[in-house]
Amino acid sequence: MQYISTRGSAPELEFDEVLLAGLANDGGLYVPKSWPQVNAEQLRQWATLSYQELAVEVMLPFVEDSIPRADFAELVNRAYATFQHPSVTPLKQLDSNLYLLELFHGPTLAFKDCALQLLGHLFDYVLERQDRRITIVGATSGDTGSAAIEAIKGRARADIFILFPEGRVSPVQQRQMTTVTAENVHALAINGTFDDCQDLVKAMFADRQFRETVNLSAVNSINWARIMAQIVYYFWAALRLGAPEREVDFCVPTGNFGNVFAGYAAKKMGLPMGRLMVGSNRNDILTRFFESDDMSVRGVEPSLSPSMDIQISSNFERYLFDLLDRDGNATAKTITDFRQTGRMQVGQGGWERAKSEFHGFSLSDPDCLAAMKHWHAATGEVLDPHTVIGVQHAAEFGSSERPAVALATAHPAKFPAAVEQALGAEPALPAHLADLYDRPERFSVLANALEDVQKHVLSNRQG
Ligand SMILES: *Cc1c(COP(=O)(O)O)cnc(C)c1O
């Protein structure tokens, strides 16, 4: 499989290069040159596979030019061995036509583990064969940092430095980053805001000499391998519910459009699917787009579902590329105009098509709390403030003919304050994290100064 950039002027690459490159050098995102096709007969055969076996079948066409099947199967097995549930992402019935796909049984209790656990092993494999080392840096306001740290800890050929704003991440999120003991993990509390942390990371990438000295890399959500790993659980859930004989809808709480784009990819590969339902909070740019062709940027406002407090969804560019019939120049121009004017124009035809493939929905904070309360009373289920948006979306707009699968993107214990506000009691951490508050923390506090951070990276990386 070759990969092409959404902006049409970067070189075509194979999987191993796309994995390490992240962003294409024309500023675009890599997408597969064509979608591998799965037919109904294959789907029937896949129905009895374990999650890991299915993962190999679904992903192999994307990686096989770079990684032989047997090696890939081993990486997949290692990646999902860290999940606490035997079926990795179990499906739970909530109502007659409504199911919850629990994606939070990985080490950090959020769906990002599904992709990042595999990414850590893929990095190691590819770097080993190329005899290279990398230094990963990233900024986090919470979820992504801990998932990236858990993915990279103990990997032989990478160091990871995660910058977070000192005193501004929740205690659970901080401890998930600072209690990891591996030598190649470096949690850095920056005296500043999340934006300061992001600016420091950008500045490190912009410093060419530094970038080349430490072999800088990133694991953010624009990496194709993350999307690829997320395609698997759409197949998994649909097969549990009778695919290919029956279509299902998926409800996906969305920030960067990565998770829901993986669902779109599964559909493109031939998985029979009803609608892809895209949920957001008060930061509802995507809902406004699907409802009324209004993709205009407003300020980001904090909400109860912080992982979706996003205005510009970076992975939307991958879908835009398809909407524009895979014309890289047109995609580049549309994105440039969007950045300049704050408004995206895809034309009447593009919008009609988008509207037929996706359905948008947004939930305010008060409605989110009410929904958490309602679902708890009705089913006994404690839902986190992201997941509940998808569940409510299914309840209000789901079809009576098809089952809906709501993606549970985080364990409720990750957002104890919101759960306490809705239900009056904090949820307990699962057993493997029950002693999180007793574990010793290890992190460095640094000034919001590029030179200090760079010095720290240079003198603390391994190898
Ligand atoms: C990251 C995250 C999301 C948003 O996922 P995208 O891939 O950015 O759309 C939703 N819920 C939770 C809990 C997350 O951590």
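Modeller: D293 follows α12 and has a positive phi, near 55 degrees. This is a predicted model, in which local features need pLDDT of at least 70 and side-chain atom pairs count only at pLDDT 80 or more, while totals for chains, interfaces and linings use all residues. Residues are numbered from 1 along each chain as its sequence is written, and side-chain values use heavy atoms, with hydrogens and water left out.

Biologist: How many of the residues of α12 are buried?

Modeller: Helices here are DSSP runs of H or I with at least four residues, strands are runs of E with at least two, and both are numbered from the N terminus. Buried means under 20% relative accessible area, exposed over 50%, and partly exposed in between, with a 1.4 Å probe and protein chains only. The buried residues of α12 are I285, L286, T287, R288, F289 and F290. For the helix, residues 285-292, the count is 6 of 8.

Biologist: Which elements do the buried residues of α12 pack against?

Modeller: Contact means heavy atoms within 4.5 Å. The helices packed against are α13 (316-323), α14 (328-341) and α15 (347-357). The strands are β10 (273-280), β11 (295-296) and β13 (358-362).

Biologist: Which side chain makes a polar contact with the side chain of D322?

Modeller: D322 is in helix α13 and is buried, with a relative accessible area of 7%. Leaving out residues up to four places away in sequence, D322 touches W35, Y264, K268 and R353. A polar contact is a pair of N or O atoms within 3.5 Å; within protein, one must be able to donate a hydrogen and the other to accept it, and residues adjacent in sequence count only if both atoms are side-chain atoms. At 2.6 Å, the partner is Y264.

Biologist: Which elements give two or more residues to the lining of the second largest pocket?

Modeller: S170, K414, F415, P416 and A417 lie nearest the centre of this pocket, among 21 lining residues. The elements that give two or more are α7 (171-178) and α18 (416-423).

How values were computed
On a 1 Å grid over the protein atoms alone, a cavity is a set of points where a 1.4 Å probe fits but cannot get out, and a pocket is an open set with protein on both sides within 12 Å along at least five of seven lines; lining residues have an atom within 4 Å of a point.
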